[in-house]
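Here is a short tour of one protein chain, written to be read with the model open beside you. Please take a look at the sequence and structure first.

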Amino acid sequence: MLGLYRISDLDLSKGTFKSELFDTQNVLTSNNLMSVTEDIENQMWVSSLGGITRIDKDFNSAKTYDEQYNIQGNEFSIQAAFRSKDGR
């Protein structure tokens, strides 16, 4: 997956929508995404070849976690995701 698209303002009657690309030009540290999952607070978690990025539910801000945050490394495998029983 190269970057992440957000589709909004979908109007099926008109066949129109807006899209926004999230990539290394704005919030992601890598365009090579391995997995995307959502938590119970509707935040998107993206694992990539550049760490793990949390994008808030309104897509207004993002935070990347990498080796500086004591995670095992910056590069993740395809479908590398985890959600605990309580949704975190």
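## A walk through the strands

Ile-7 sits in strand E1, which covers residues 4–11; helices (H or I, at least four residues) and strands (E, at least two) are DSSP runs, numbered from the N terminus. Please keep in mind that this is a predicted model, in which local features need pLDDT of at least 70 and side-chain atom pairs count only at pLDDT 80 or more, while totals for chains, interfaces and linings use all residues. Residues are numbered from 1 along each chain as its sequence is written, and side-chain values use heavy atoms, with hydrogens and water left out.

The chain has six strands and zero helices, giving the pattern β-β-β-β-β-β along the sequence. Of its 88 residues, 31% count as buried; buried means under 20% relative accessible area, exposed over 50%, and partly exposed in between (1.4 Å probe, protein chains only). Accessible areas come from the Shrake-Rupley method with a 1.4 Å probe, and for residues only the protein chains shown count as cover.

Back to Ile-7: this residue counts as exposed because its relative accessibility is 55%. Together with Leu-10, Leu-12 and Phe-17, Ile-7 makes a nonpolar surface patch of about 490 Å². Patches are made of residues with over 30% relative accessible area and no salt bridge, joining like charges within 9 Å and nonpolar side chains (Val, Leu, Ile, Met, Phe, Trp, Tyr) within 5 Å.

Next come the charged pairs. Side chains of opposite charge can pair when their charged atoms come close. A salt bridge here is a side-chain nitrogen of Lys or Arg within 4 Å of a carboxyl oxygen of Asp or Glu, and the count comes to two.

| Salt bridge | N to O distance |
|---|---|
| Arg-6 and Glu-20 | 3.8 Å |
| Asp-9 and Lys-18 | 3.4 Å |

In the bridge between Arg-6 and Glu-20, Arg-6 belongs to strand E1 and Glu-20 to strand E2 (residues 16–22), so the pair ties together parts 14 residues apart in sequence. Arg-6 is partly exposed at 28% relative accessibility, and Glu-20 is partly exposed at 36%. Lys-18 counts as exposed, at 52%.

How many aromatic pairs does the structure hold? There is one: the ring centres of Trp-45 and Tyr-65 are 6.0 Å apart and their planes are at 25°, so the pair is stacked. Rings of Phe, Tyr and Trp (its six-membered ring) pair if their centres lie within 6.5 Å; planes under 30 degrees apart count as stacked, over 60 as edge-to-face and the rest as tilted. Trp-45 is in strand E4 (residues 44–48) and Tyr-65 in strand E6 (residues 62–65), 20 residues apart.

Is Thr-64, also worth a look, buried or exposed? Thr-64 lies in strand E6 and counts as buried, at 19% relative accessibility. Its side chain joins that of Thr-53 in a polar contact of 2.9 Å; such a contact is a pair of N or O atoms within 3.5 Å, where within protein one must be able to donate a hydrogen and the other to accept it, and residues adjacent in sequence count only if both atoms are side-chain atoms.

Finally, Gln-43 lies in the loop between strand E3 (33–38) and E4. Gln-43 is buried at 14% relative accessibility, and its side chain makes a polar contact of 3.2 Å with the side chain of Arg-54.
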